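The exercises below are meant to be worked through with the structure in view, and each task is followed by a solution that goes step by step.

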Amino acid sequence: MLSIKNLHASIGDKEILKGINLEVKAGEIHAIMGPNGAGKSTLASIIAGNENYEVTEGEISLDGEDLSELAPEERAHKGVFLSFQYPVEIPGVSVTNFMRTAINETRKANGLEEMPANEMLKVIREKSELLEIDRKFLSRSLNEGFSGGEKKRNEIFQMAMLEPKLAILDETDSGLDIDALRIVANGVNKLKSDKNAIVVITHYQRLLDYIVPDFVHVLLNGKIVKSGDASLALELEEKGYDWIKQEQEA
Amino acid sequence: MDLKEKLISSFMAFEERIDVHAELHDVRTAALKNFENKGFPSKKEEAWKYTSLNAVLKNDFTVFPKQENEIQYSDVKKYFLHEIDSYKIVFIDGVFSSHLSATTHEGIDVCLLSSALTKPKYKTIIDTYFNQIANKEESLTSLNTAFANEGAYINIPKSKIADRPIEIMYFSTGNEAALLVQPRNLIIVGENAHVQIIERHQSLNENPVLTNSVTEIFAQKRALVDVYKIQNDNLTANLIDNTYVSQQEESSVAVNTFSFGGNLTRNNLNFYHFGERIVSYLNGITIIGEKQHVDHYTLVQHATPNCESHQDYKGIFSDRSTGVFNGKIFVEREAQKTNAFQKSNNILLSDKATINAKPQLEIFADDVKCSHGCTIGQLDETAMFYMQQRGIPKKEAKALLMYAFSNAVIESIKIPELKQRITKIIATKLGVKMGFDL
């Protein structure tokens with residue numbers, strides 16, 4: 001589904017990604033782990049089409065289609081979803097209205113009619129129950145005054161609404177208490193199918209107890225230096241990242 | 001003959017035409033003298049550094065319009081808040097239109113300044129309030145005072161609540177090639193009384209108009225006053241709005257200015273405090289383009305302890321439009337425990353658009369909280385990326401962000417139908433059909 005080959009990217013003069021290779025197939029969950037500053041969030045941002053970064057080499061494709069020339073919204077229309085580490089506050093625009101706009105724009109781009117209002121309400125009800133979100137919450141301004149946990153839960157609610165092909169969860173666990181973490185993970189697991197794929201970006205192993213990855217990759221200094229199965233995450237939790245750094249230097 | 005000479009030479013004829021008592025004659029004469037000495041303001045004056053009236057004053061304005069110009073309600077209905085009941089004081093080319101208006105004398109006075117100025121029963125009120133808070137040194141205010149004849153007179157007595165909003169509407173028909181109008185409003189809100197006022201100036205065709213308006217508002221103890229100024233006029237309309245607010249203790253006055261239209265708009269908004277625990281709100285949204293110019297020139301004079309003022313101005317400027325925000329806060333030595341806040345946030349959407357933002361704080365008391373913040377920027381890129389990531393195209397995302405940007409001020413509108421109306425104007429101004437009703 002997602003294919004990244006020899007991806008190099010920089011911001012200004014600074015090279016952040018130095019040759020990333022990653023293959024994600026439908027039905028898989030991948031975890032990307034690594035210390036702060038390794039380039040995890042940059043990678044997520046670049047897949048989603050953030051124009052602040054310059055891709056200097058390599059390619060990203062989704063189901064064989066090159067994404068590099070596509071604007072962020074075009075990538076979204078093709079099924080790329082990024083759960084933001086720091087979701088943005090949009091005063092005056094309710095969660096519901098925002099979702100309605102996002103869904104209908106996506107449908108329009110894919111040659112579909114707008115979703116009828118009653119169907120929209122039904123889906124909203126369904127998905128908000130999945131994330132245990134209070135209905136009142138949905139009429140509040142998007143992310144404005146939300147707690148850290150509410151913002152993250154709202155991100156996954158949006159993912160549930162948009163049903164992306166590829167979901168990248170960037171530090172979705174940060175700022176979540178254990179109950180919220182369980183709700184979010186439960187939501188993600190229910191959305192998981194053999195038709196979509198999930199890339200979880202995290203610093204800590206904690207989230208991976210709930211969303212169990214098929215593959216774990218370690219990102220260090222702009223490169224994936226080690227890949228393994230779920231047990232690698234446990235090993236990292238126990239030993240930290242230093243041993244990998246040493247392995248690299250050796 | 002230029003406009004200044006034309007005005008001065010027509011003064012005698014003007015006074016003969018209207019019925020004035022001796023005191024008013026003296027007030028007018030003194031005002032005319034001041035205007036004669038100072039003339040129209042020029043860019044040489046600090047207060048007019050960024051706003052030039054030169055081009056506007058080149059028009060050959062008619063200073064006294066013909067008496068009878070009629071318009072049909074159906075043609076102008078859209079300018080009124082027609083979804084709800086309101087009192088209406090309507091003027092056509094400066095002349096009162098009784099058939100478009102809905103005035104009252106039942107419990108509250110919602111009527112005409114011309115009758116208040118001439119009828120004996122209003123004499124005490126006129127002597128007490130007329131031209132009392134307006135700045136006698138300011139030349140355009142003086143010009144208005146000299147020729148003050150018609151406008152709204154609103155008097156809400158002690159503990160009365162105006163049961164519906166009052167709309168003050170000034171239409172110009174364009175039956176004159178170029179028209180100068182000088183409305184004068186006097187608004188007195190008694191102790192514990194409450195009123196909501198909407199004011200609008202609207203030209204009905206493309207002939208140039210210059211409006212030099214003066215409004216005096218007196219808010220007595222614990223009075224509650226909300227004023228909404230809707231400035232969404234044609235590109236040939238020019239407005240100089242001089243508003244003076246006098247507040248007694250524990251009163252709360254909000255003036256919300258929505259500037260979307262017009263060629264040149266200057267808002268001189270002045271608040272004066274005369275008691276403790278007064279709250280003043282000055283809010284504004286400016287969304288302009290082409291070569292439009294909007295200048296907000298505010299003054300809050302904190303003279304008494306324990307008072308608050310909140311200024312929140314948002315501006316979005318595209319094309320070659322220019323904006324000015326000059327916010328002066330004056331805290332006198334006696335005004336301890338003052339809370340005075342001022343914000344002016346601006347977004348420039350084009351390289352050729354300009355904003356001049358200038359906060360001016362003069363603080364002579366030592367125990368006060370004052371803050372000011374002027375920001376000038378482009379749209380937040382992270383927020384744009386966030387919305388695009390959710391599939392919202394760049395153009396819609398931009399519109400949504402601008403709406404979000406002006407939201408804090410939209411939220412301060414207390415009349416739901418008006419809020420809806422303003423929101424709609426903003427959505428149209430932003431030029432984008434949103435995927436939903438805001």
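Two residues are in contact if their C-beta atoms, placed from the backbone, lie within 7 Å. The model used in these exercises is predicted.

**Exercise 1.** Describe how helix 8 of chain B and helix 9 of chain B pack, starting from the residues that meet.

*Solution.* Begin with the contact itself, where B:Ala383, B:Met384, B:Met387 and B:Gln388 of helix 8 meet B:Lys394, B:Ala397, B:Lys398, B:Leu400 and B:Leu401 of helix 9. Sorted by class, this contact has 6 nonpolar, 1 polar and 2 charged residues.

Next turn to the geometry: helix 8 of chain B spans residues 381-389 and helix 9 of chain B spans residues 394-410, and the two pack at an angle of about 125° with their axes 9 Å apart. Angles over 145 degrees count as roughly antiparallel and those of 65 to 115 as roughly perpendicular, and helix 8 and helix 9 of chain B are therefore oblique to each other. Their crossing is right-handed.

**Exercise 2.** Which elements of chain B give two or more residues to the side that touches chain A?

*Solution.* Start from the totals, in which 22 residues of chain B are in contact with 24 residues of chain A. The elements asked for are helix 8 and helix 9 of chain B, and helix 9 gives the most, with 8 residues. By class, this side of chain B has 12 nonpolar, 6 polar and 4 charged residues.

**Exercise 3.** State what the UniProt record places at residues 2-246 of chain A, and describe that stretch.

*Solution.* The unreviewed UniProt entry places the feature "domain: ABC transporter" there. Over residues 2-246 the chain is 38% helix and 29% strand, and the end C-alpha atoms are 30 Å apart.

Definitions and conventions:
Residues numbered from 1 in each chain as written. Chains lettered and ligands numbered in written order. Predicted model: local features only at pLDDT ≥ 70, side-chain atom pairs only at ≥ 80, totals over all residues. Axes fitted to C-alpha atoms, helices over the stretch in contact; angles between N-to-C directions. Helix = DSSP H or I, 4+ residues; strand = E, 2+ residues; numbered from the N terminus. Parallel < 35°, antiparallel > 145°, perpendicular 65-115°, else oblique. Left-handed = near helix turned anticlockwise from the far one by under 90°. Nonpolar A, V, L, I, M, F, W, Y, C, P; charged D, E, K, R; others polar. UniProt positions renumbered as here; feature names shortened; annotations may be inferred.
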